[in-house]
Amino acid sequence: MITIREAQKDDAGQIAPLINIIFKEMELEELEDVPDPAVLKAITAAYQSEAYLSGKATTVVAEANGQVVGVAFGYPDENEAAVDRVLERATRFSDVFETDSPFGSDYEAFKNEWYLDSIVVDPQFQGLGIGGKLLEAIPDFAAEDDKSVVGLNVDFENPGAKALYDRHDFKTVGIKKIGDHWYFHMQREVVEAGVLEA
């Protein structure tokens, strides 16, 4: 049984390795020489913050038998700089992070959208529809933040993820370079009661 719910501070330790999957796929040059324990510590600290849980952003988890097996994280576009600063502050515990923005500082959201910054499912639980369930939960949070559009970026080199978004009626509205990778920027409209419509 999969439960979709808002994340709590106690989930951060299980969220961190999942979010780190995304950072590894992004191949951020700034993180090349940073040991995994330091990266995980910074991610954990960020996902324990009020800003990431229900302040400037929202974190939603998929849980199976008490284990976090998927995460979706997003925010209104106008909160992107504040959200980025939380993760930057979380790296200040160690000098292994050589830059002020080790997780990248490119703006990713388009104007006037609720931006789905990250969505990831534990590889052992992929193919069970968990990504789709997380996507179905997002419109309610966008609506709560008075946004009528959900946006996201998907790597050109990740056709499986793009197919998932296509199935959930996201449409490509542009392209964007983040770090060294090119991404499709996709959006989907939010309509009443959290139902998405193309």
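Phe156, Ile175 and Trp182 form a nonpolar patch on the surface, and together they have about 310 Å² of accessible area. A patch here consists of residues with over 30% relative accessible area and no salt bridge, with like charges joined within 9 Å and nonpolar side chains (Val, Leu, Ile, Met, Phe, Trp, Tyr) within 5 Å. Accessible areas come from the Shrake-Rupley method with a 1.4 Å probe, and for residues only the protein chains shown count as cover.

Please note that this is a predicted model, in which local features need pLDDT of at least 70 and side-chain atom pairs count only at pLDDT 80 or more, while totals for chains, interfaces and linings use all residues. Residues are numbered from 1 along each chain as its sequence is written, and side-chain values use heavy atoms, with hydrogens and water left out.

Helices (H or I, at least four residues) and strands (E, at least two) are DSSP runs, numbered from the N terminus. Ile175 counts as exposed because its relative accessibility is 51%; the classes are buried under 20% relative accessible area, exposed over 50%, and partly exposed in between, with a 1.4 Å probe and protein chains only.

I turn now to the charged pairs. Side chains of opposite charge can pair when their charged atoms come close. How many salt bridges does a search of the whole structure find? The search finds eight, a salt bridge being a side-chain nitrogen of Lys or Arg within 4 Å of a carboxyl oxygen of Asp or Glu.

In one of them, Asp77 pairs with Lys147, with 3.0 Å between the closest N and O atoms. This pair links distant parts of the chain, 70 residues apart: Asp77 is in the loop between strand 3 (67-76) and helix 4 (80-89), and Lys147 is in the loop between helix 5 (130-144) and strand 5 (149-155).

Another salt bridge joins Arg188 to Asp169, the closest N and O atoms being 3.5 Å apart. Here too distant parts of the chain are linked, with Arg188 in strand 7 (residues 181-191) and Asp169 in the loop between helix 6 (159-167) and strand 6, 19 residues apart. Arg188 counts as buried, at 10% relative accessibility, whereas Asp169 is partly exposed, with a relative accessible area of 29%.
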